[in-house]
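Please open the model in a viewer and keep the selection panel at hand.

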Amino acid sequence: MGLPVDEVVARLEAMRSGDLPTHGGRTLAYVYDSGLADADELGRRALAMFASANGLDPTAFPSLLQMEQELVGFAGRLLDAPEGFVGTATSGGTESILLAVQTARDARPEVDQPRMVLPTTVHAAFHKAAHYFGVEPVFVPVDPGTFRADAEAMAAAIDDRTVLVVASAPSYAHGVIDPVTPIAAAALAAGARCHVDACIGGWVLPYLRRQGADQPDWTFAVEGVTSISVDLHKYAYTPKGVSLLLHRSAWLRRPQLFAAADWPGYTMLNTTTQSTKSGGPLAAAWAVVTHLGDDGYAALAEQVGDGIRELVDGLAVLPELAVVARPDSTLVALRADDSCDVFTICDEMLLRGWFVQPQMAFAGEPPTMHLTLSAATAPLVPEFLAALGESVSAAVAAGPVQVAPELAAAASAIDPATLDDAAFDGLLQVAGLAGADGALALPERMAPVNALLNVAPPRLREALLVTFLDRLSRPRTQ
Ligand SMILES: *Cc1c(COP(=O)(O)O)cnc(C)c1O
């Protein structure tokens with residue numbers, strides 16, 4: 001027997017109570033909160049109205065086609081798209097990026113072993129695209145002082161196998177905008193495409209610029225930029241599941257479109273990797289964007305821009321913390337001095353009701369704390385700073401988290417290529433993470449786990465986390 005409606009809803013509420021809050025402004029990663037209840041309610045209504053509509057066939061659901069066309073038009077104005085530009089709604093930033101890479105690869109069938117030139121700070125979605133599509137990633141170190149891509153070094157890395165060159169506006173980890181103008185010029189000169197990953201910044205940077213922010217050029221106004229990704233489910237503050245991929249021309253997009261007629265069913269004709277796709281997220285995005293409009297987004301950008309300035313200024317009273325790079329946008333990374341560690345600070349913040357995201361050591365740089373500010377967080381910055389001050393004090397009192405030598409030894413003895421269940425179980429035992437029945441028992445405090453992962457080389461970290469995820473995602477059979 002199934003359960004009555006009320007009981008199912010109660011169960012959903014109960015499960016949700018263990019999640020990070022999506023609203024309220026205290027979650028500084030994963031979620032984006034405008035703080036506007038009307039816009040949220042409208043988004044949810046549109047999501048429900050179009051939940052069962054199918055974007056598989058735009059002739060059967062012309063409403064979805066129209067909403068996509070209008071959203072792409074709006075984005076084109078924001079991103080200085082020239083006459084003749086086109087765009088597609090996707091399920092998220094990763095899908096936009098996957099399609100940008102696939103399209104760049106398939107536009108150059110004569111290149112045997114295609115490559116793409118990426119700054120090391122590029123989003124991990126490009127690692128995934130490389131893996132999925134067999135495009136070799138050529139990573140170029142960023143400028144060590146500013147964390148911006150090194151345009152000269154990137155230009156030098158381009159060769160006749162390069163089908164794509166990428167820049168971020170801004171990078172997720174440090175919140176800085178890469179020098180798009182010289183990077184795109186180098187790509188153009190070599191006949192390669194240039195994608196700007198504005199997944200996180202694309203809907204907020206244009207408004208900040210109009211309000212006087214000092215920004216290097218990064219839109220289609222830059223010659224040589226061939227495509228830009230921008231997520232609506234980030235700074236357009238729409239429900240999850242929508243991003244846009246814009247191309248400078250319809251011709252550039254052509255390899256992205258897919259048809260399969262050689263089977264006995266309907267002719268499959270797709271613009272994205274999904275075939276059947278809910279109209280809900282697209283309709284929700286259309287509704288929220290249409291409701292907020294340029295004025296609404298300008299006000300939200302001003303609010304969040306003021307918030308990030310107040311936050312960065314407010315850090316001056318915490319000498320243990322430093323901004324890794326002066327933010328160009330609405331996200332910032334912080335590092336800690338030797339008196340404490342960022343992982344303990346993250347745990348302490350969570351105890352005080354704030355989620356901030358740990359980022360592991362990379363390329364000789366220490367681990368950091370990532371903060372993505374939403375408009376709803378801006379009025380709470382004084383409260384945030386107070387909690388951060390308390391958390392730093394607690395972390396200093398506790399001292400930097402130590403990785404037990406036997407644990408570090410056990411981890412470093414593992415070969416990532418052959419990590420199996422038995423080796424993983426052994427490590428869980430040494431780390432005290434094995435529950436009574438051998439299942440995973442996640443600790444209250446994540447700092448010891450993060451500190452261990454932090455000392456593991458990236459390949460081992462990936463192997464450990466994949467094994468962890470495999471263990472985590474097993475079915476419940478009763
Ligand atoms: C969020 C983000 C992505 C990936 O987007 P998803 O929507 O999480 O798939 C790509 N690039 C940047 C810079 C991002 O911030």
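Which kind of contact do the side chains of arginine 210 and aspartate 294 make? Select both residues: their side chains meet in a salt bridge, with 3.5 Å from N to O. The model is a predicted one, and the whole structure holds 21 salt bridges.

**The domains**

Next, colour the chain by domain. Domain 1 covers residues 45-289, domain 2 covers 293-398 and domain 3 covers 405-472. Taken over C-alpha atoms, the centres of domain 1 and domain 2 are separated by 28 Å. To display their contact, select the 27 residues that domain 1 contributes and the 27 residues that domain 2 contributes.

The size of an interface is often given as the accessible area lost when the parts come together. Here domain 1 and domain 2 bury about 2200 Å² between them, and carbon and sulfur atoms account for 56% of that area. Now highlight Tyr172, Tyr235 and Tyr237, which supply 24% of the area that domain 1 buries against domain 2, more than any other three residues. Across this interface, 2 salt bridges are found.

**Backbone geometry**

Most residues other than glycine have a negative phi, and most peptide bonds are trans.

- Select alanine 169 and proline 170, which are joined by a cis peptide bond with omega of about -5 degrees. Proline 170 sits in the loop between β4 (162-168) and α7 (180-190).
- Move to tyrosine 30, where phi is positive, near 75 degrees. Tyrosine 30 belongs to the loop between α1 and α2 (37-49), and its relative accessible area of 48% makes it partly exposed.
- Continue to aspartate 80, whose phi is also positive, at about 55 degrees. Aspartate 80 is located in the loop between α3 (62-78) and β1 (86-90) and is partly exposed, with 37% relative accessible area.

**Further salt bridges**

Show the side chains of aspartate 306 and arginine 309, whose closest N and O atoms are 2.7 Å apart in a salt bridge. Both residues belong to helix α10 (residues 280-314) and stand 3 residues apart, about one turn of the helix. Aspartate 306 is partly exposed, at 39% relative accessibility.

Glutamate 365 lies in the loop between β12 (357-359) and β13 (368-372), while arginine 335 lies in strand β11 (residues 331-336), so the pair ties together parts that are 30 residues apart in sequence. Glutamate 365 is partly exposed at 27% relative accessibility, and arginine 335 is partly exposed at 25%.

For another pair, select aspartate 470 and arginine 474, whose side chains form a salt bridge of 2.8 Å from N to O. Aspartate 470 is partly exposed at 36% relative accessibility, as is arginine 474 at 43%. Finally in this group, select Arg115, Glu136, Asp159 and Arg161 together; a network of salt bridges links them.

**A nonpolar patch**

Which residues make a nonpolar surface patch of about 370 Å²? Switch to a surface display and select Leu3, Val8, Leu12 and Met15, which make up this patch. Methionine 15 lies in helix α1 (residues 5-16). Because its relative accessibility is 58%, above the 50% cut-off, methionine 15 counts as exposed.

Technical notes
Residues are numbered from 1 along each chain as its sequence is written. This is a predicted model: local features need pLDDT of at least 70, side-chain atom pairs count only at pLDDT 80 or more; totals for chains, interfaces and linings use all residues. Side-chain values use heavy atoms; hydrogens and water are left out. Patches are made of residues with over 30% relative accessible area and no salt bridge: like charges are joined within 9 Å, nonpolar side chains (Val, Leu, Ile, Met, Phe, Trp, Tyr) within 5 Å. Accessible areas come from the Shrake-Rupley method with a 1.4 Å probe; for residues, only the protein chains shown count as cover. A salt bridge is a side-chain nitrogen of Lys or Arg within 4 Å of a carboxyl oxygen of Asp or Glu. Helices (H or I, at least four residues) and strands (E, at least two) are DSSP runs, numbered from the N terminus. Buried means under 20% relative accessible area, exposed over 50%, partly exposed in between (1.4 Å probe, protein chains only). Domain bounds come from an automatic or database domain assignment. Contact means heavy atoms within 4.5 Å. Buried area is the accessible area (1.4 Å probe) that two parts lose on being put together, summed over both.
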